[in-house]
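Here is a friendly walk through a two-chain model, written for someone who likes to know the cut-offs behind each number. Please have a look at the sequence and the structure before reading on.

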Amino acid sequence: MNRNTPPRPPQFAQWLLRRILTDKKWDTPLGDFEEYYGELARTKGPSAATRWYWKQVLGLIPRRVLNSTYWSAMMLTNYLKTAWRNLWRYRIYSLINILGLAVGMACFILIMIWIQEEISYDRYHPRPDSLYRVCSVYHTPSGDSRVSAPQPAPLAGLLKTEFPEVVRSTLYFTPVLSLVSADKRFSERFAMVDPDFLEMFTLPGFRGDPDTALDDPNSVIIPQRIAERFFGEENPLGRLLFLEGRAMVTVTGVFRDLPANTHHRFTCLCPIQMLAKFGRDLNNWRDVSFKVYVELAESTSATELEEKLKPLIAKIAPGQPITAQLQPVPDIHLRDLNGGGLIVYIYIFLAMGLFTLIIAWINYINLATARASRRFREISMRRILGAGRRQLIRQFMGESLLMACLAMVVALLLVKLALPFFSLLAGKTLAPDVSPLFFLMIGGVTYLTGVITGLYPAFILSSSKPVRTLKGDIAQPGGYRNLRRALVVFQFSLSIILIIGSIVIYRQLSFMRSRNLGYNPDSVFSVQMNRELYKNYSAIRTALLRNPAVLNVTLTNTSLDQLESSVSGNQVHWEGKTSDDQLPTLALMGVGPEFLETFRASMREGRFFDPKRPGDARTAAILNEAAGRAIGWDQPVGRQIEVAGNPLSVIGVIRDFNFRSLHHDVEPMIILLNWGIDVIDVRIRPENKPQTLAAIQQTIRSIIPGYTLDYEFLEDQLDELYGAEQRMAHFSQIMTLLAVFISCLGLLGLAAFTVEVRIKEIGIRRVLGSSTAGVVFLLGRDFSGWIIAANLVAWPAAYLLLSRWLEGFAYRVHLDIWTFALSGLLAFLLAMATVGYQTIKAARTNPVETLRYE
Amino acid sequence: MPLLTRTEELIMLAVWQLGQLAYSLPIRQRLEEITGDPYSLGSVYMPLDRLVKKGFLDSSLSEATPERGGRHKRIYRLTEAGRAELHRVQQVQQAMWSITLDIPAEPESQR
């Protein structure tokens, strides 16, 4: 062995030794060991030295392990014992703490479950991130833009052939069609699509050949549920059905129902070619009524493709200020095309969940610091017995982690209890997606809660001076009290923001409900037209009107809430139109002559279509006020207008009525007589609806035997349109209640504590002649000051947040000072009620009780 | 004041003799050489610590050497109290021995 490099002990043993003897003080002996090893190696040989070294190391391990576990177990039991004693001695505080934390956590978890559900929409397809819906953006001269989804039919094929980036594409058109067998008929919402659809979108549990299922125009894909209704237990594949009583179709595929988390709303599928068989021209660039979905190739950016689409648009719609926008399919559920949508609520509720959690945290921190003085003796004792600061911090962090864990257990129970109710509220079945991510979130929230709530109290508690506290001086430095004040103010600001928020949300939504739509949707139902109905319409109408419960019957091209037919602005011409006059896409609606009375809409000027003038159907048009404004006519009546090549004269202007969500302004619209009629609309008396409906079915059956009435009430449809928002409003109210409840819980604890600390002072004041009211005032003054400060913080913040939210509505309530004042007052009263009981009780206590032992 | 134990006495003497080299390993070696008994490292540490606590020795860290894996040596030195104590022990011993008749080196075969 080379003398210059002394023999070294085995690496692993060295490493082990260093792990065992971590303290600096072992440095010198470790050096001794190493040197002695060298000496042994020289005198007795390296193997003997190694043996010796190992003996030393292994000899150390058991002692070390025993030592540390013994002491940490000792300390742990002691910590647990202390924690438990403190929990138990101050039962009320502990209850407040754990309950507050648990409710806060439960709210947060529920919200996360809901968000998890909402963002899972359309993520189950093979390549969800490559799927887009093609939309067009119309840029108005004033710099605004309006996005709309309907496209002309030839676009889908063209995109696929012209652009290598587009791997697949499909048209998408969703009429209600009736599916008929020898003895049964059902009206179902169909999706008429191209064969690519089956490869782009997943149909759960699909049976059949996805490559060919839609190749034959006479094929249909139906869900299991409907297959069972037609064919029972028999295999539906290859069976024949009739579509609309016109076409014979073969069942080429069966699937389970669509999952809830997709924006698609069809039940059956058939090839779009079927529509051509029904007489619709799929090569017509002017028929802008279809949706187009595309699947992009790997590594294709949607924005680049949008750029490349510009020349194409210039060819299709020359001179029009239109660009393309590719909307990601998973976004369709979350974001409305023109801003807003569910995503806004997701942010709102995420904020609410966080607010609630923070409020619960603040409770814990406040109560823990307030009660710190109770524990100064214990801490001083520990310090004197040799506990280091780090040990104390670890102890208190451990305690708050323990509390967080307890609270989480309670919270999970609460979530379990609340989930059915919450599902009802959300209008969908919610279940936590029990994935690793979910557990990670649970663990994360628990840990974060433990750390955040523990950190500050731990540092305060561990920094106390043992000598002072043991001498009996347990007053706390003022700084902590200030921080507590700040935290209470912050907490109540959050609560007040939530109160203001839920009031404004409620007011906005009921405003939208109560706002005049421009027509009356109550008790109007629509029936999808089919061939028999069409043939016998006038007989049916006459028969129906004989029933006094039927107020009116008319026709439209779609039901009012689903109006999507439109004509692009460059198809509309009038005398004197210049190339500078650009029109956005106009809604196009076909109606029967009784439309006005049936829907109770009203004219602003001119006349409505007249059944006695049959010429109206070909030559007359009615504009809504928005259309008049868009064209720039002050006096539209009597003017000539050319729509998609048809010369028409404007005979009247109808008052704007709102056929889309009140998030948006009323769009310009052209109304034609008996154009594209596909729906019968019936207004009935609001009383005894079921009876009336049964009578109506009877009447139609007397003309069309075996007819089943399949109706949809407009008000229900509108409720659905606004229902989501209604539910959000309810939900936000409940969240607010809970948040305020937690805040009050914290205030209750704090008030109880304040009273407890000042009980002797109160006694002395009483002895010296202070009145009960005076004492209550004294104690209440602090708290009311905090609440007022909280209001000052909350109002501007709430104003900023809410005015941003309201920007998403075309019609909105004003943010008035009263809402703010009311919310502030509400918070104030709640806080006073919380504090009041404690203070009055304290003020009324006989001073003898409190001062006896002094 | 109780007297030093024999091991303590030997260690203190070793420390005195070794001077600048008085750290754990040479001390152990000196004990082994003189007594002929095996001394483990541990059997040197404990009395050394005790003596430091009693104030008879104090210690300082010296330079690190490669055969120690770059760690310091702890060099021990007699304190004033230690020096005095050794003297006292010596005196006591000499006093005791001086009034003792010769102890035969060989067992008395016959009396």
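Does D122(A) count as buried or exposed? With 21 C-beta neighbours inside 10 Å, D122(A) counts as buried. The cut-offs, with C-beta atoms placed from the backbone, are these: a residue is buried if 20 or more other C-beta atoms lie within 10 Å of its own, exposed if 12 or fewer, and partly exposed in between.

A word on the source: this is a predicted model, in which local features need pLDDT of at least 70 and side-chain atom pairs count only at pLDDT 80 or more, while totals for chains, interfaces and linings use all residues. Residues are numbered from 1 along each chain as its sequence is written, and chains are lettered from A and ligands numbered from 1 in the order in which they are written.

**Around D122(A)**

D122(A) sits in the loop between α4 (91–118) and β1 (131–139) of chain A. Helices (H or I, at least four residues) and strands (E, at least two) are DSSP runs, numbered from the N terminus. Neighbours within four places in sequence aside, D122(A) is in contact with P128(A), T262(A), H263(A), V329(A), P330(A), I332(A) and H333(A); a contact needs C-beta atoms, placed from the backbone, that lie within 7 Å. L623(A), by comparison, is 501 residues from D122(A) in sequence and 38 Å away in space, C-alpha to C-alpha.

**The two chains**

| Chain | C-alpha span along principal axes | Buried residues |
|---|---|---|
| A | about 115 × 95 × 60 Å | 38% of 854 residues |
| B | about 60 × 30 × 20 Å | 23% of 111 residues |

Chain A holds 28 helices and 25 strands. Its radius of gyration is 37 Å, well over the 29 Å that the globule rule gives for 854 residues, so chain A is more spread out than a compact globule. That radius is taken over C-alpha atoms, and the globule rule is 2.2 Å times the number of residues to the power 0.38. Of the contacts in chain A with a separation of 6 or more, 82% are between residues 24 or more positions apart.

An automatic or database domain assignment divides chain A into domain 1 (11–77), domain 2 (91–110 + 343–513 + 721–851), domain 3 (128–333) and domain 4 (524–685). The centres of domain 1 and domain 3 of chain A, taken over C-alpha atoms, are 74 Å apart.

Chain B has four helices and two strands, in the order α-α-α-β-β-α from the N terminus. Its radius of gyration is 17 Å, well over the 13 Å from the globule rule for 111 residues, so chain B is also more spread out than a compact globule.

**Nonpolar cores**

A nonpolar core is a set of buried Ala, Val, Leu, Ile, Met, Phe, Trp, Tyr and Cys residues joined through C-beta atoms within 7 Å. The largest has 85 residues, of which L101(A), M105(A), A106(A), A407(A) and I500(A) touch the most other members. α24(A) gives the most to this core, with 17 residues. Apart from this core lies another, of 55 residues, among them A213(A), V251(A), C268(A) and V329(A).

Leaving aside neighbours within four places in sequence, L101(A) is in contact with A360(A), Y364(A), M403(A), A404(A), A407(A) and T449(A).

**Where the chains meet**

The contact takes 11 residues from chain A and 12 residues from chain B.

Note on methods: Contact = placed C-beta atoms within 7 Å.
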